[in-house]
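Here are my notes on this model, as numbered points. Have the coordinates open while you read, and go through them in order.

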Amino acid sequence: MSLPRGQLALRIRGTLTREEGRRLREDLQRGLHRGLRAFSLDLSEVDFVDSSGLAALVSLRKAARNEDFELSVETPSATLARLLEMTRLDGFVLDQMD
């Protein structure tokens, strides 16, 4: 994957639960401390999401808006896309900031 300079790609495979959400937030914070302002989140291989994982995605999107960095959520898996649609969070979580 070719990324623009200053962008960090993060990928979650398998489950997205409290632990993975915590690690994701830590990775993002490390990137911000290194001066990165753009993050790409690949969720194409997520096959299970619990409420903590969903909350982590909402938290990351809110942080992106409040702290003025770009977060693009790439190709959510069918399972995740269905969950986001059922909870009506698809427009919020998948909304890419320009």
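1. Ground rules. A salt bridge here is a side-chain nitrogen of Lys or Arg within 4 Å of a carboxyl oxygen of Asp or Glu. Helices (H or I, at least four residues) and strands (E, at least two) are DSSP runs, numbered from the N terminus. This is a predicted model, so local features need pLDDT of at least 70 and side-chain atom pairs count only at pLDDT 80 or more, while totals for chains, interfaces and linings use all residues. Residues are numbered from 1 along each chain as its sequence is written, and side-chain values use heavy atoms, with hydrogens and water left out.

2. Side chains of opposite charge can pair when their charged atoms come close. The count for this model is 6 salt bridges. Glu 19 pairs with Arg 23 at 3.5 Å, N to O; the two are 4 residues apart in helix H1, so about one helical turn separates them. Shared partners join Glu 19, Arg 22, Arg 23 and Glu 26 into one network of salt bridges. Glu 19 also meets Arg 22, this time at 2.2 Å, N to O. That pair sits in H1 too (residues 18-33), 3 residues apart, about one turn of the helix.

3. How open is that network? For accessibility, buried means under 20% relative accessible area, exposed over 50%, and partly exposed in between (1.4 Å probe, protein chains only). Glu 19 is partly exposed at 33%, and Arg 22 is partly exposed at 33%. Arg 23 comes out partly exposed as well, at 41%.

4. Which parts of the chain does the pair Glu 45 and Arg 13 tie together? The closest N and O atoms of this salt bridge are 3.3 Å apart. Glu 45 is in strand S2 (residues 38-49) and Arg 13 in strand S1 (residues 7-16), so the pair links parts that are 32 residues apart in sequence. Glu 45 is partly exposed, with a relative accessible area of 40%, whereas Arg 13 is exposed at 52%.

5. The core. A nonpolar core is taken as a set of buried Ala, Val, Leu, Ile, Met, Phe, Trp, Tyr and Cys residues joined through side-chain atoms within 4.5 Å. The largest one has 25 residues, and Leu 41, Leu 43, Phe 69 and Leu 71 have the most contacts inside it. Elements giving two or more residues to this core are S1, H1, S2, H2, strand S3 (70-74) and H3. H2 supplies the largest share, 6 residues.

6. Leu 41 and the strands around it. Contact means heavy atoms within 4.5 Å. Leaving aside neighbours within four places in sequence, Leu 41 is in contact with Leu 10, Leu 24, Leu 57, Leu 60, Leu 71, Ser 72, Val 73 and Glu 74. Leu 41 stands opposite Val 73 in S3. Two strands pair if DSSP finds at least two bridges between them; S2 and S3 run parallel and are joined by 5. With H2, these strands make a right-handed β-α-β unit; right-handed means that, with the strands pointing away from the viewer, the path from the first strand over the helix to the second runs clockwise.

7. In helix H3 (residues 78-86), the buried residues are Leu 80, Leu 83 and Leu 84. They cover an arc of only 100° around the axis, which puts them on the same side of H3; the arc is that of the directions from the helix axis to the C-beta atoms. Ala 78, Arg 82, Glu 85 and Met 86 are exposed on the other side of H3. The cover over the buried residues of H3 includes S2, helix H2 (51-67) and helix H4 (90-93).

8. Val 49 is found in strand S2 and is buried at 13%. Beyond neighbours within four places in sequence, Val 49 is in contact with Leu 16, Leu 54, Leu 80 and Leu 83. Val 49 and Leu 83 are 34 residues apart in sequence, with their C-alpha atoms 8.2 Å apart.

9. Backbone angles to look at. Most residues other than glycine have a negative phi. Asp 68 has a positive phi near 60°; Asp 68 lies in the loop between H2 and S3 and is exposed at 61%. Thr 75, in the loop between S3 and H3, has a positive phi near 35°.
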